[in-house]
Amino acid sequence: MEAIPYLALISAVAALGLAAFFYKDVEKASPGNERMIFLMTEIQNGAKAFLKQEYTWVSVFAAALVILLAIVIHPFASIAYLLGAILSASAGYAGMTVATMANARTTEAAKDGPGKALPIAFRGGAVMGFAVAGLALLGLMFVYLLFVSWIEHDKAFEIVTAYGLGASSIALFSRVGGGIYTKAADVGADLVGKVEAGIPEDDPRNPATIADNVGDNVGDVAGMGADLFESYAGSIIAPVALTAFALSLAANEATDEGVISLLMFPMAIAFVGMIASIIGSFFVKGGDSTDSKALSRALHMGTNVAMGLTVLATVAIAYWLFGDGDVFPEDRPWGLALSVIGGLLVGWALGKTAEYYTSDHFGPVKKIAAQSETGPATTVLAGISAGMVSVAASVALILIGVGVAYWGGEQALGDADGFGGIYGIAVAAIGMLATTGVVVSVDAYGPIADNAGGIAEMAELDPSVREVTDALDSLGNTTAAVAKGFAVGSAALTALALFKSFEFAITEADPTRTLSLDVGEVDVFIGLFIGAGLPFLFAALTIDAVGRAANAMIEEVRRQFREIPGLREGEPGVHPDSAKCVAISTEASLKEMIIPGALAVVVPLVVGFIDVDALGGLLAGALVTGFALAIFMANAGGAWDNAKKYIEAGAHGGKGSEPHKAAVVGDTVGDPFKDTSGPAMNILLKVMTIVSLVFASAFV
């Protein structure tokens, strides 16, 4: 049983080996002609320059937290925090590097049809997927083994939790900074290019096109990778921390067979999930059809295989670790297997719900497209409505998941102090993210396909190439929505488990103290309202940031069209100043990410040092409103985007028609919803909860 962390460590190394294999496989493919290589290099240089500056800015914030952790908790907590931050940043950088290399190669392969292009785009995304999962699990298992097993440090579990805080810090700034960057460029490119100048998306005449393609990589690849890195690590940390704080464990007390089983179970699920993801990744093969359903089946084959294998292995592990009636007298190990499998299925169902509300195969998106016949106002209203309705379905699913997981935990472990049920909820989150390697691979595929289409347009290739890349890109929007379903579902469950751990940590730090959540108490009531309002303030700050950055971008694109002779007309030898647009997005996004990012860390610390019960109320309020807001924004934004693409494919008058212009406005409104504010909401919830947990002992 004690070998499980070592097995998880080995599976993490295997995942990194697979990422290296896929990297070499993508590198071997042809990047195309000289123009395509030039565009690929421009995008790559812009993305690298942005990430370098972003990580430089974030390092100042990280340094402040390192010092605070060293003073308040322990210097070792600072080391764990730093390791989590560095590995998270490394995963994002690695994914961005291969994504900016795979884009032109996917374009070149698209000349021979989707059968050649889809595997290259997927394997480019798989480098990101397995780098994220591999580095997250490798770092976490190393920290666990070092401080819990080898050193047996008194504050071992607080130190392990600090690793998650490091990952969360980078994820928050990467999501916010990258999201502001990509949407500022996207909005500027769309509003001036498509609506005002009447030129196609990704047209080489548009100065913002390169910045837009850079943004896909820093926001949707590096930002998304850091997000899922943090989610994956957090989902494993949550049940480990819950066990440790609920049972008031010191590292050297984790010797009881039952306690060891509780600590090892999430790591064992991570191990089998990683192996299942590695096997599943080899099942993704392209066909010859550009039909989105055929492409979807091919792309999701890897996820489905990985999920099936994980389900079978979970049952076996539950019976192995909890099947001995001497340790857990209930002798119902199937309960915890049910919790994990329930989490996995609810994550999948949340993804499918997102797909229903964001895919142009279904009613909601077609309704938005139809509403565009009467102008942008009705387009926006239809998208808001679709996003709000999707919240109801997602809330119902998450409640089913929580209920099943809680009941399963009680069946396996009993209901003393509610620990068994909460443990069931905690392991349901790792169930959702056990197949992170292949889920992120499918998600990161999307921006690569999007970039491939941009390069096809800017390199002025045959329209048949763009048809293939558009088919791949349209699917990419849906796969991104599916991954966001997994991310937001796991965020809710992980935050709930970490919240319960925070409650236990308060009592452990001061046995005379219990956390009150009685809304009749004024401090709890105040905290509840602060927490309920925070996600809205966070969303407003990030949307405003996109608006301000986009405004600067729009003015620059207009200036270039006005002042560079022959640019709008596309005269030979006349090129836009793309570097200026890249610089505008970079500067604006870095400046704008500081306040929203700091909010997530500073507010819980300030409230916690004033009143712990108010902090409990704050976390509860933020969890409920943040979850609903994240679902609403992600699905509304995705629906607007695909309604625009549905019209561009020929419906309601096609490109250039009045309904198309209305749909572009809807898509522009949805851009910060789905790619900036919505995804960052998940991290906001977990950052606030994990900050509270790490500093719990200091608060009391």
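Reader: Which residues is Ser-277 in contact with, leaving aside its neighbours within four places in sequence?

Author: The model is a predicted one. Ser-277 sits in helix α7, which covers residues 257–281. Leaving aside neighbours within four places in sequence, the contacts of Ser-277 are Phe-130, Ala-306, Ala-434, Thr-435, Thr-436, Gly-437 and Val-438.

Reader: Is Ser-277 buried or exposed?

Author: Residues under 20% relative accessible area count as buried. Ser-277 has a relative accessible area of 0%, so the residue is buried.

Reader: What separates the C-alpha atoms of Ala-167 and Gly-84?

Author: Ala-167 belongs to helix α5 (residues 156–197), and its relative accessibility of 0% means that Ala-167 counts as buried. Not counting residues up to four places away in sequence, Ala-167 touches Gly-84, Ala-85, Ser-88, Phe-229 and Glu-230. Ala-167 and Gly-84 are 83 residues apart along the chain, and the separation of their C-alpha atoms is 4.7 Å.

Reader: How are α3 and α4 oriented to each other, roughly parallel or roughly antiparallel?

Author: Two packed helices are described by the angle between their axes and the distance between the axes. For helix α3 (residues 75–110) and helix α4 (residues 114–150) the angle is about 170°, and the axes are 8 Å apart. Angles over 145 degrees count as roughly antiparallel. Therefore α3 and α4 are roughly antiparallel.

Reader: By class, which residues does the contact of α3 with α4 have?

Author: Helices α3 and α4 pack with their axes 8 Å apart. By class, their contact has 20 nonpolar, 6 polar and 2 charged residues.

Reader: Which residues does Phe-265 touch, not counting those up to four places away in sequence?

Author: In the largest nonpolar core, which has 242 residues, Phe-265 is listed with Tyr-232, Phe-502 and Phe-695 as touching the most other members. Not counting residues up to four places away in sequence, Phe-265 touches Ile-317, Ala-318, Leu-321, Phe-322, Leu-336, Val-340, Tyr-423 and Val-427.

Reader: What radius of gyration does the chain have?

Author: The secondary structure comes to 19 helices and 0 strands, and the C-alpha atoms fill a box of roughly 80 × 50 × 45 Å along the principal axes. Because a compact globule with 700 residues would have a radius of gyration near 27 Å, the chain agrees with that at 24 Å.

Reader: What percentage of the residues in the chain is buried?

Author: Of the contacts with a separation of 6 or more, 85% come from residues 24 or more positions apart. Among the 700 residues in the chain, the buried ones make up 65%.

Methods:
Residues numbered from 1 in each chain as written. Predicted model: local features only at pLDDT ≥ 70, side-chain atom pairs only at ≥ 80, totals over all residues. Heavy atoms only, no water. Axes fitted to C-alpha atoms, helices over the stretch in contact; angles between N-to-C directions. Helix = DSSP H or I, 4+ residues; strand = E, 2+ residues; numbered from the N terminus. Parallel < 35°, antiparallel > 145°, perpendicular 65-115°, else oblique. Nonpolar A, V, L, I, M, F, W, Y, C, P; charged D, E, K, R; others polar. Buried < 20%, exposed > 50% of the residue type's maximum accessible area, 1.4 Å probe, protein only. Contact = heavy atoms within 4.5 Å. Core = buried A, V, L, I, M, F, W, Y, C linked by side-chain atoms within 4.5 Å. Rg over C-alpha atoms; globule rule 2.2 N^0.38 Å.
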